[in-house]
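The sequence and coordinates are shown first.

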Amino acid sequence: MSATIQFTDVRRVFRGRGGAEHAAVDGVDLLVDSSTRLGIVGESGSGKSTVVRMMLGLDHPTAGSVEFDGVPLASMSAPALRAFRRQVQLVAQDTSSSFDPRRTLRDALRKPCHNLLELDTAAADAAIDRTLEALSLDPALAARKPHQVSGGQRQRFSIARALVVEPTVIVCDEAVSALDVSVQGSVLNLLKEHCENHDAGLVFVSHGLPATAFISEELVVMYQGRVVERGPVGRVLFETEHPYTQTLVDAYRVTEGVPS
Amino acid sequence: MALALDTPDRDTRRRRTRRPGIASVTLVPAAILVLLAVLGPVLVPFSPIDVVDRPDLPPGGAHWFGTDSAGMDVFSRTIAATRNNLLIGLITTVLATSLGILIGLVVGMNESRRGPVGTLARGVSRALDLVQAVPAIIIGLVLIAFFGASIPSLTVALTVCLLPNQARLVRAEVLRVRGEAYLDAARVSGDSELVLIAKHVLPNSSWPALENASLVFGSAIVLTAGLGFLGVGLHPPTPEWGSMIAIGAPGAASGRWWSALFPAVALALTVFAVSGVGRRLFGDD
Amino acid sequence: MTHLWTRNGWWVRRLAVLPLHLLIFALVVFFLVKLIPGDPVAVLSGGQPMTPEQYEATRASLGLADPIWVQLTTFLGDAVRLDFGNSIISGIGVMDEMSTRLPETVELAVMAMTISALLALALGFLVVLRPRNAVSRVIASYARAAGAVPDFCLGVAGVFVFYSVLHWAPAPIGRYATSLNAPPRTTGFPFLDALLSSDTVLMSSMIQHLWLPIGVLVVAYAPMLLKLFIRSLDQAKNAQATRFRIASGASRPMVLLSVGRRALPSTIAMFGTIFGFMVGGAVVVEQLFAIPGMGEYAVQAVTRADFVALRGFLLVVGAVSLIVFFLVDVVTMSLDPRRRPGVATAGG
């Protein structure tokens, strides 16, 4: 199954309160498909969250285009959009607000099953339980509200919500940044294994180079709304071209003890 | 006039979980009120709308609360007025709150849009602010001039007075909820915008208006009585606390305290009872 | 030049929208009053039979025969020149009446508000600093009960207790003894005029007549202000910045000063609304104490269906409130720059 998201010369401008324009994303080209694990690194304000929102059709470019299998996301019909979401799913950033506080976790996980897979409740629950077990989560926890489970558990639920429809591309926006370092590792391994076992692609967006470098094959570095560096992880780490990347890599070497 | 002025500070008063098992004690005064409203006209010893004895009799054996300057029984009228005042308060609260939530929701969701819809939403939002510029009692006064004084017209007038604040409260909350990550998550899970608003935005942003509903109820009752007091509310001899207080006011100035005191006490007790219910339901201070 | 603009742009911009708000308000008032059912001509004739010619003549004299947009532009044009027309009942110019009545009502509201503010300030600090004190507890629960007892109930009770029983207050009629003459008009504010003319007899009569109505307003509305002030003082007391100040060894008065300064903007922000309540409350209190003012005028206009008077009254009250809102905004924004428009509060 083909599943390709193509960014062509994408620019996204926000208007400030005083009327001043600010390009959050400027001239970005990207190609995402199910064959690679792509990492996008950048500091906060570098435009990576805007890229994620556009990649999922939650926001649309001011200029340029974001296309899924050749069709612009901005002009997709509702059924086509559902077919797109069936293949491209999100593991969201903020663990404490990525679930509606008034609803149970199972409610949240049933949504994609109903909307995207058109399963009935029994079939949805079976699929949910299978996914939760694969992520070593107790299905009984799904009866709880989001604030009644730990941050690590909630993030696994967030992953489960994405995986339950068996997407071909998983987009992770700061998926581990809010977690303890001890939990980060297990979540990263889990994601990596899933992608390897199911031939799924991954887009891993983070401000932290270590986690991104660990999980990705390809790396894109964003700085002030532009892509300043891209290539295989090894090349970006050892043959750095842009000064901003150099500072990232230097910091990475100090923390990870990588020889220069 | 005492009013529905509540401006929850967004940072400290995030959604509160409701306490289970509402303490039934605080509901007793409210229950008695409802009972009086329903049964009142049957229970009263005298006709509440007719002259039944000599005017200005002090409280005593036959007339527990005395008679007013026209000779109507104050006890019967105070009890019989419960139905009118409560009815107006209740319908106003339901209308102002539900319409307020609806308007706040629509305005909040569309305010930052471009095009005519966005402009309209911003216009409504500004208009809601502007209505606050005029005291509620004056808006009520004008609207009564509009529709004449009757229970339906009072209800409409008071709804118009009290709706803007409810809408503003909800709008502010919608603006906060709109940025929550779970909305994007629900979109990615395939929810349409309509489902999103109905299932996520509405339940998560209507609580300030619901919390404020008991204050709206109190305000509606006080405003009804206030308009009655100014002489533009329900016309005597229809039993209504405000007009009873107005009729009793000159008497109070010359020492005949009873015909103004009892409806005033009934009014204050009602406002207290209702705010008690509100506090129990929402755990507000 | 740019520097001057970036420093002052916020209040200039706020000032610039004020006329726009006034215009919107005037439009709303015009159409609202237009929609009031009932025929002004019939009101004017008092139910007397009229010939069609007389009817048309009256209609034309009220300007009602013109197309609606002509009526609207005339109304707006006159309003800009502060001409709100003449009452259709009394024939007296609305602006003439307003220029005497508005200062009278505003003076009442401002006196009550000043006392309420001072009271709220003092009691607020007491409650927050000595929360366990018995007096504090009583005050705090009084503040929580804000608005439960409406102003007119308090007023009736006040008249009964202080006039009828204790004889501490004179009969609730007017703002000074009927035997006295009005002060020479300099500012239009009666008490201020009496003060300026050093008429001690008149002043003491005014104080005797006004302490009760003002007291009623204060007792009815101070708790709202107090409730908000206590809430924001509590927040300011627990704020990080306050802890930092205490930790860095600032003296107690300095800490209190900083807590007060931090709590002030949100309380002042409420002043606009409270002022609105005070004007509304003054309307009620004026009725009760038979004090001539805006309240009497409004009730008369409504009961007599005098559309010109009603329109003028609403416009004046709305304009005064909008100007007060503007001043309150400017004061809070200068105290707390984060409230200025165009200032981003959320971090990145």
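## Largest cavity

The residues that line the largest cavity comprise six nonpolar, three polar and four charged ones. Here Ala, Val, Leu, Ile, Met, Phe, Trp, Tyr, Cys and Pro count as nonpolar, Asp, Glu, Lys and Arg as charged, and the others, Gly among them, as polar. The model is predicted: local features need pLDDT of at least 70 and side-chain atom pairs count only at pLDDT 80 or more, whereas totals for chains, interfaces and linings use all residues. Residues are numbered from 1 along each chain as its sequence is written, chains are lettered from A and ligands numbered from 1 in the order in which they are written, and side-chain values use heavy atoms, with hydrogens and water left out.

Rolling a probe the size of a water molecule over the atoms shows where empty space is left. A cavity is a set of points, on a 1 Å grid over the protein atoms alone, where a 1.4 Å probe fits but cannot get out; lining residues have an atom within 4 Å of a point. Grid points are joined across faces, edges and corners, and a volume is the space filled by probe spheres set on the points. By this rule there are four cavities of 30 Å³ or more. The largest cavity holds about 90 Å³ of space. Its lining has 13 residues, of which A:D100, A:A108, A:K111, A:R161 and B:H200 are the closest to the centre. At least two lining residues each come from α3 (105-117) of chain A and α6 (181-188) of chain B. Helices (H or I, at least four residues) and strands (E, at least two) are DSSP runs, numbered from the N terminus.

## Interfaces

The size of an interface is often given as the accessible area lost when the parts come together. Buried area is taken here as the accessible area (1.4 Å probe) that two parts lose on being put together, summed over both. Contact means heavy atoms within 4.5 Å, and a salt bridge is a side-chain nitrogen of Lys or Arg within 4 Å of a carboxyl oxygen of Asp or Glu.

| Chain pair | Residues in contact | Buried area | On carbon and sulfur atoms | Salt bridges |
|---|---|---|---|---|
| Chain A and chain B | 19 of chain A, 16 of chain B | about 1700 Å² | 51% | two |
| Chain C and chain B | 50 of chain C, 41 of chain B | about 3900 Å² | 78% | zero |

Between chain A and chain B about 1700 Å² is buried. A:D100, A:R102 and A:K111 supply 32% of the area that chain A buries against chain B, more than any other three residues. A:D100 and A:K111 are also among the residues closest to the centre of the largest cavity. A salt bridge joins A:R53 to B:D184, with the closest N and O atoms 2.3 Å apart.

## Chain B and one of its residues

Chain B contains 10 helices and zero strands. Of its 285 residues, 57% count as buried, where buried means under 20% relative accessible area, exposed over 50%, and partly exposed in between (1.4 Å probe, protein chains only). Among contacts in chain B with a separation of 6 or more, 71% are between residues 24 or more positions apart.

B:Q166 belongs to helix α5 (residues 151-177) of chain B. Its relative accessible area is 0%, so B:Q166 is buried. Apart from neighbours within four places in sequence, B:Q166 contacts B:A96, B:T97, B:G100, B:A209, B:N212, B:A213 and B:V216.

## Residues of chains A and C

A:D129 sits in helix α4 (residues 121-134) of chain A and is partly exposed, with a relative accessible area of 24%. A:D129 touches A:R106 and A:P139, residues up to four places away in sequence not being counted. C:L226 is part of helix α9 (residues 200-238) of chain C. At 2% relative accessibility, C:L226 counts as buried. Leaving out neighbours within four places in sequence, C:L226 is in contact with C:A120, C:L123, C:G124, C:I139 and C:A143.

Two loop residues of chain C complete the account. C:S198, in the loop between α8 (190-196) and α9, has a positive phi of about 50° although it is not a glycine. C:S198 is exposed, with a relative accessible area of 54%. C:A290 lies in the loop between α11 (252-288) and α12 (294-303), and phi of C:A290 is near 50°, a positive value in a residue other than glycine. At 40% relative accessibility, C:A290 counts as partly exposed.

Conventions
1 Å grid on protein atoms, 1.4 Å probe; cavity = no way out; pocket = protein on both sides within 12 Å on 5 of 7 lines; lining within 4 Å.
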